[in-house]
Amino acid sequence: MADAVGSDRALLGSTASGFTYANATSLKKKRGLIFALIVITVLIAGIIIIIYIANNNNSNSSNSDVTTPAPIAYESYLLHSSHINVAQVDRVSRFRSSVGGDWPGFSSPTNINQTCACFKHYFRPISSLDFTRVSIFSPLAGTINLVQLPEGRTDGSYGWDVSIRGTTRQGYGEYLVTIGHVNITDHSAISKDKSIALGAVIGHHIGAFVDSDIAVLNMTANRYLSMFSCVDEDVLAQFKRWNVSNRTYPIINDLQRRRYPLNCTGDGTIANGFIVNDTNNGYPYANWMKLNTTAGTPPSSTTTSTTTTTTSTTSTTSTTTNTSNTSDFDY
């Protein structure tokens, strides 16, 4: 009997049948390892898929940015056109000059530094032209905010002042651009609350007895800016062709004006009052920039002075080669 039992145990431990308890245990372990490997593989694959999807989404966002290029720097400027053909202009007054009188007035809330000066630019067409045929254009797209007679006028003999507000969609809703002394071509089209396109014809300049003018108001800051601070690079290039060397030359900044102050009617307390005495006689900051639209070559550096009288001004005109200290740039 003992031999039989030993024989059975021997049989169970032998490999005669191809099966043993040891082999059964090893097989279970192998199956466990295989299952664990499968689980780990699935987890790794899931992680890889998640990472791929995330990267793909980022890639799509990046591609979207690439296909929509960032705007060119000068597209942020307000004015994309001159309101008048530069080639037809003989001279342009400088910002804070004595040309045109004390405007908007010493006590105006928009004159934040209470400076006696003119915060517009005046444009005088070439004398050989028929001023009534010089076209006036909208230098921006927007909405006509106001059409009114010039201050102190009771009829249209001196033209109309047309104020255009920039578009909110383009981020220019806070700006108001006013062009003066326009003989409006179509009053039904050029009227309050009507939309106007960039470059649209507003009308013509009213005549040789008064200069065309333009003023730019930032209504949020409640201050006037030089149009040359607001024109884009293409418009500036047009003026550079005619001897305006950069953005700063057309501007007499506040510190410069205070250094060489002007004498206004009633010490500047009369709104829109005359500048009764340009104590500096246009020196050292010339009131006008003489454009070189007739000769076709840069002007001589020789300075000459003549007295020019129009409705808009009685002042000294200085013709010089345009230079500027960019450190004096203001607005």
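**Figure 1. R94 and the ring of Y249.** R94 lies over the face of Y249, and the distance to the ring centre is 4.6 Å. As in every view below, the coordinates come from a predicted model.

**Figure 2. The protein as a whole, for orientation.** The protein has 331 residues, and 42% of them are buried. Its secondary structure consists of 4 helices and 15 strands. Of the contacts between residues at least 6 apart in sequence, 70% join residues at least 24 apart. The accessible surface comes to about 17,700 Å², and carbon and sulfur atoms account for 56% of that surface.

**Figure 3. D254 and T115 in polar contact.** The side chains of D254 and T115 make a polar contact at 2.7 Å. D254 is found in helix α4, which covers residues 254-259. T115 has its place in the loop between β1 (89-93) and β2 (121-125). Are these two residues buried or exposed? D254 counts as buried because its relative accessibility is 7%, which falls under the 20% cut-off. T115 also counts as buried, with a relative accessibility of 4%.

**Figure 4. The surroundings of T115 and D254.** Which residues does T115 touch, not counting those up to four places away in sequence? They are D102, F106, D254, R257 and R258. With D254, the contact includes the polar one between the two side chains, at 2.7 Å. The view also takes in N113: its C-alpha atom and that of D254 are separated by 7.9 Å, although the two residues are 141 residues apart along the chain.

Figure 5. Most residues other than glycine have a negative phi, and most peptide bonds are trans. P104 lies in the loop between β1 and β2. Q114 is another residue of the loop between β1 and β2. How do R96 and Q114 stand in terms of accessible area, and what is the percentage for each? R96 counts as buried, at 0% relative accessibility. Q114 is partly exposed, with a relative accessible area of 45%.

**Figure 6. The ring pair F95 and F119.** A pair of aromatic rings is described by the distance of the centres and the angle of the planes. The count for this protein comes to 6 aromatic pairs. In the pair shown here, the ring centres of F95 and F119 are 5.4 Å apart and the planes stand at 85 degrees, so the pair is edge-to-face. An angle over 60 degrees is what the edge-to-face class requires. F95 and F119 both belong to the loop between β1 and β2, 24 residues apart, and the pair links distant parts of the chain. F95 is buried, with a relative accessible area of 0%. F119 is buried as well, with a value of 4%.

Figure 7. Y158 counts as buried, at 18% relative accessibility, whereas F209 is partly exposed, with a relative accessible area of 35%.

**Figure 8. A cluster of phenylalanine rings.** Which residues do ring pairs link into a cluster? The cluster is made up of F123, F228 and F239.

Technical notes:
Residues are numbered from 1 along each chain as its sequence is written. This is a predicted model: local features need pLDDT of at least 70, side-chain atom pairs count only at pLDDT 80 or more; totals for chains, interfaces and linings use all residues. Side-chain values use heavy atoms; hydrogens and water are left out. Helices (H or I, at least four residues) and strands (E, at least two) are DSSP runs, numbered from the N terminus. Buried means under 20% relative accessible area, exposed over 50%, partly exposed in between (1.4 Å probe, protein chains only). A polar contact is a pair of N or O atoms within 3.5 Å; within protein, one must be able to donate a hydrogen and the other to accept it, and residues adjacent in sequence count only if both atoms are side-chain atoms. Contact means heavy atoms within 4.5 Å. Accessible areas come from the Shrake-Rupley method with a 1.4 Å probe; for residues, only the protein chains shown count as cover. Rings of Phe, Tyr and Trp (its six-membered ring) pair if their centres lie within 6.5 Å; planes under 30 degrees apart count as stacked, over 60 as edge-to-face and the rest as tilted. A charge sits over a ring if NZ of Lys or CZ of Arg is within 6 Å of the ring centre and within 35 degrees of the ring normal.
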